[in-house]
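Me: Please walk me through this model one feature at a time. I would like the general idea for each, then the case here.

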Amino acid sequence: ELNDKAPEFTLKNTKKEDVSLSDFSDRSVVIAFYPGAFTGVCDTEMCTFQDNLKSFNDLDATVLGISVDSPWANAGFSDKYNLEFDLLSDIDRSVIKSYDVLFEGLGGIEGYTCANRAVFIVKNGDVKYKWVAPSPGEEPNYDEIQEKLKVRETKKKAAKAVSQATNVASQTVRLASLNVPAAAINSKVQAQAAADSAKKAAEAA
């Protein structure tokens, strides 16, 4: 659920290398679960993520696709559409179960289980956005995903501004306590005002 800890995972990419969620602890991670490679809607979805990959990168976000397909199937899928983000193989279904996105009977195949279409945004190990398709044939709202990332990036910048302004204010207080010249006191007031302004911006973001 939102703000809960995201289940950790380590899965193989198309090069059979281990990729873990914790590898991206300093970035936002967009996890896109998809039912299967070469299944029409999944092709459209992954191509849309690829088309918008620069925007995601600019927002300090990493895209990861996860399905139950093998690394070889995902490699063929990735090569066909020139995907530049990792596709990961949840072959034992453990990750789709931990994220509660397991889907049964895709395409009318009784007993077959795969990922439902779903998108999660994880930041600092917490789930900050969750969308699960009512049915696997529906695509996510790509604009909504980017807007959510933009809000998080705005908050990040505002928090950085607060930190910088607070540091300036702290240094000014220290200098003023040594000499207490009028110029230093004035600087202190200005710095504190800047800190307060930045804090309000962070709270409003």
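Me: Let's start with strand pairing: which residue of β4 stands opposite I31?

Reply: Strands pair if DSSP finds at least two bridges between them; the elements themselves are DSSP runs numbered from the N terminus, helices being H or I of at least four residues and strands E of at least two. Here, I31 faces L64 in β4. The model is predicted, so local features need pLDDT of at least 70 and side-chain atom pairs count only at pLDDT 80 or more, whereas totals for chains, interfaces and linings use all residues. Residues are numbered from 1 along each chain as its sequence is written, and side-chain values use heavy atoms, with hydrogens and water left out.

Me: In which sense do β3 and β4 run, and how many bridges join them?

Reply: β3 and β4 run parallel, joined by six bridges. With β8 the sense is antiparallel, and β3 pairs with β8 over five bridges.

Me: How many of the residues of β3 are buried?

Reply: Buried means under 20% relative accessible area, exposed over 50%, and partly exposed in between (1.4 Å probe, protein chains only). In β3, six of its six residues are buried. S28, V30 and A32 point one way from the strand, while V29, I31 and F33 point the other way.

Me: Which residues touch the most other members of the largest nonpolar core?

Reply: Such a core is a set of buried Ala, Val, Leu, Ile, Met, Phe, Trp, Tyr and Cys residues joined through side-chain atoms within 4.5 Å. The largest one has 24 residues, and V30, M46, F49, F56, F85, I145 and L149 touch the most other members. The elements that give this core two or more residues are β3 (28-33), α1, α2 (53-58), β4, β8, β9 and α5 (142-179). Apart from it lies another core of 23 residues, including I31, F33, I96 and C114.

Me: What is M46 in contact with, beyond its neighbours within four places in sequence?

Reply: Contact means heavy atoms within 4.5 Å. On that basis M46 is in contact with A32, Y34, F77, L83, F85 and L87, with neighbours within four places in sequence left aside. Now try G65, which sits in strand β4 (residues 61-67). G65 has a relative accessible area of 0%, so it is buried. Leaving aside its neighbours within four places, G65 is in contact with A32, Y34, F85, D86, L87 and L88. G65 and F85 are 20 residues apart in sequence, yet their C-alpha atoms are 7.7 Å apart.

Me: On to helices: which residues of α3 are buried?

Reply: In α3 (residues 71-81), P71, N74, A75, F77 and S78 are buried. They lie on the same side of α3 because they cover an arc of only 165° around the axis, the arc being that of the directions from the helix axis to the C-beta atoms. W72, D79 and K80 are exposed on the other side of α3. Among the elements covering the buried residues of α3 are β1, α1, β4 and β5 (86-89). Just after the helix, N82 takes a positive phi of about 55°.

Me: Where is N13 found?

Reply: N13 is in the loop between β1 and β2 (18-20). At 3% relative accessibility, N13 counts as buried. Its side chain reaches the backbone nitrogen of K15 at 2.9 Å, a polar contact (N or O atoms within 3.5 Å, a donor with an acceptor within protein; residues adjacent in sequence count only if both atoms are side-chain atoms). Not counting residues up to four places away in sequence, N13 touches V19, P71, D86, L87 and L88.

Me: Finally, how many salt bridges are there?

Reply: A salt bridge puts a side-chain nitrogen of Lys or Arg within 4 Å of a carboxyl oxygen of Asp or Glu. D126 forms one with K5, the closest N and O atoms being 3.4 Å apart. D126 lies in strand β9 (residues 126-132) and K5 in the segment before β1 (10-12), so the pair ties together parts 121 residues apart in sequence. D126 is buried at 17% relative accessibility, whereas K5 is exposed at 61%. R117 and E45 form another, at 2.7 Å between the closest N and O atoms. This pair links R117, in the loop between β7 (113-115) and β8 (118-123), to E45 in helix α1 (residues 41-51), 72 residues apart. Both R117 and E45 are buried. D18 and K12 also meet in a salt bridge, at 2.9 Å from N to O, and K12 is partly exposed at 36%. The count comes to seven salt bridges.
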